[in-house]
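The following note comments on the structure shown below, point by point. It is intended to be read beside the coordinates.

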Amino acid sequence: MLDYMIYILAFAVGSILGLVYSYKQHGEPFVAVTKLNAPAAVISIVGWVLAFNSGNVILSAVGFILAGFIMGERPGYGRKETAIGLIIAIIVYLLLRFTV
Amino acid sequence: MNLMADILINVIIAFLAGSLLLGLHRKIMARVQKRPGPPIVQHLIHSLKFFFKETAIPKTVSKVFYIGIVFILALIWIVGVIAGPVAHDSLLILFGVYAVYKIVEHNSGSSSGSPYGKLSCVRAVLSAATELPLFAAIVFVYLVTGTMNIGEIITYQSVHGPLIFTIPLAALMFFMLIITKSPYSPFAITKDKVLVSGFETEHFGLLRGFMLFSESIAWYVMLWVFLTIFFGPLTAVGYLIGMIVITFITGFINATTPILSPNHSVMTQITIGAICFFGTILMIFTGVVA
């Protein structure tokens, strides 16, 4: 159970950091962002892929921090990036599971 | 692993997972109502924030009771974590935890000296209607599996399949309890906005922090028990998906349903409970349930 605690703690810390960072970057009233933020998408993909597929507690925890960082951004930001990261991570997981 | 370490880890998981799920619940409700909603992590930040706020104690309170009840609330849900995820012990302990929770809800309101708290305390007695279906659901689980022990119920399901397919109406009764305890539920008469925050209205700072801490653990424990006794042996991913799905369903229900008046709430719960109770008895006696 210790590993699950580390994962969930990492995700929560990542989310809080993401929220704080996001509010520092964007102080304006709520806007539903339609443009894709490429760096955020890359962080999200790396995060989710590491979280689901690394097979190592420390790497997965780092993955959850990165994934949480993007998912935890203020409302309106990081939604598409999170969706892309999650989809790619699930595809990678399925490929690794059924091909290797 | 050391038992104390196991308990501590499970309590931390319960608090964090419960907080994030309640945050997700608020987000889903907001999206259904076409609002952006707060970030998912907001409920967790909210709970932590209260631990560092000033704890004001109103003059009208019954002090020992007013303070003590909050710690009892946290303690009973920690007992819930120990009896459930840690020890896989008897369902009766969890029923006892829920029964004491109702008493705590009642006394938390009455000790505050606030009219809102007192009204919520009266409603807590009425909302005991949710406990009857819960008890009936536990009895049916016992009748089918022949045991109250969660570990043995899991073993039973690994051989005979999940109980949701055997006694679906009993599962529905338990699900009613989950809907009732979810935030902004149509049956949440003790926390009706007419009563400000109900029995929590006069608890501030650290005391409110402990209440939110307990609420998060309570949500996790209830979802864990429901998934465990009706969906058989699950992996961690299974629990995660199950908890997210149930949070989604309750979020949708609560976002589209107004809070019922106390009499309507109790009558609805009792009616659904009675239909499920007699339906399950019928299924047992007609041989549908093996």
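1. A residue is counted as buried if 20 or more other C-beta atoms lie within 10 Å of its own, as exposed if 12 or fewer do, and as partly exposed in between. B:Lys181 has 20 C-beta neighbours inside 10 Å and therefore counts as buried. This lysine belongs to helix H9 of chain B, residues 168-181. Apart from neighbours within four places in sequence, B:Lys181 is in contact with B:Ala218 and B:Met222. The C-alpha atoms of B:Lys181 and B:Ala218 are separated by 8.8 Å, although the two residues are 37 residues apart along the chain.

2. The model is predicted, and its confidence values should be read with that in mind. For the complex, the predictor gives an ipTM of 0.90 and a pTM of 0.91. Chain B has a mean pLDDT of 86, and 98% of its residues reach 70 or more. Where pLDDT is low, the predicted coordinates should not be read in detail.

3. The contact between the two chains draws 15 residues from chain A and 16 residues from chain B. On the side of chain B that touches chain A, helix H1 (3-32) and helix H2 (42-50) each supply at least two residues. H1(B) provides the largest share of that side, namely 8 residues. Sorted by class, the side of chain B that touches chain A holds 13 nonpolar, 2 polar and 1 charged residues.

4. Which helices pair across the two chains deserves a separate point. The axes of H1(A) and H1(B) cross at roughly 35 degrees and come within 9 Å. Their crossing is left-handed. H1(A) contributes A:Leu2, A:Tyr4, A:Met5, A:Ile8, A:Leu9 and A:Ala12 to the contact, while H1(B) contributes B:Ile9, B:Ile12, B:Ile13, B:Leu16, B:Ala17 and B:Leu20. By class, this contact of H1(A) with H1(B) comprises 12 nonpolar residues, with no polar and no charged residues.

5. The buried residues of H2(B) are B:Gln42, B:His43, B:Leu44 and B:Ser47. Their cover includes helix H1 (2-25) of chain A, as well as H1 and helix H10 (205-231) of chain B.

6. Within chain B, helix H4 (residues 91-111) packs against helix H5 (residues 115-126) at an angle of about 155 degrees, and the axes are 7 Å apart. H4(B) is therefore roughly antiparallel to H5(B). The crossing of these helices, H4(B) and H5(B), is left-handed. On H4(B), the contact is made by B:Lys102, B:Glu105, B:His106, B:Gly109 and B:Ser110; on H5(B), by B:Gly117, B:Lys118, B:Ser120, B:Cys121, B:Ala124 and B:Val125. The contact of H4(B) with H5(B) has 3 nonpolar, 5 polar and 3 charged residues.

7. H4(B) also meets helix H6 (residues 131-145) of chain B, and their axes cross at roughly 175 degrees and come within 11 Å. H4(B) and H6(B) are therefore roughly antiparallel to each other. From H4(B), the residues B:Leu91, B:Phe95, B:Tyr98, B:Ala99 and B:Lys102 meet B:Glu131, B:Leu134, B:Phe135, B:Ile138 and B:Val141 from H6(B). This contact of H4(B) with H6(B) divides into 8 nonpolar, no polar and 2 charged residues. B:Lys102 is listed both in the contact with H5(B) and in the contact with H6(B).

8. Two loop residues call for a check of the backbone. Most residues other than glycine have a negative phi. B:Lys34, however, has a positive phi of about 60 degrees and is not a glycine. B:Lys34 is found in the loop between H1 and H2 of chain B, and it counts as exposed because it has 7 C-beta neighbours inside 10 Å. B:His88 likewise has a positive phi, near 50 degrees. B:His88 lies in the loop between helix H3 (63-86) and H4 of chain B and is partly exposed, with 15 other C-beta atoms within 10 Å.

9. What does B:Pro162 touch, not counting residues up to four places away in sequence? The residues are B:Gln157, B:Phe230, B:Phe231 and B:Gly232. The C-alpha atoms of B:Pro162 and B:Phe230 are separated by 5.7 Å, with the two residues 68 residues apart along the chain. B:Pro162 is placed in the loop between helix H7 (150-160) and helix H8 (163-166) of chain B. With 16 other C-beta atoms within 10 Å, B:Pro162 is partly exposed.

Key
Residues numbered from 1 in each chain as written. Chains lettered and ligands numbered in written order. Predicted model: local features only at pLDDT ≥ 70, side-chain atom pairs only at ≥ 80, totals over all residues. Contact = placed C-beta atoms within 7 Å. Helix = DSSP H or I, 4+ residues; strand = E, 2+ residues; numbered from the N terminus. Nonpolar A, V, L, I, M, F, W, Y, C, P; charged D, E, K, R; others polar. Axes fitted to C-alpha atoms, helices over the stretch in contact; angles between N-to-C directions. Parallel < 35°, antiparallel > 145°, perpendicular 65-115°, else oblique. Left-handed = near helix turned anticlockwise from the far one by under 90°. pLDDT = per-residue confidence, 0-100.
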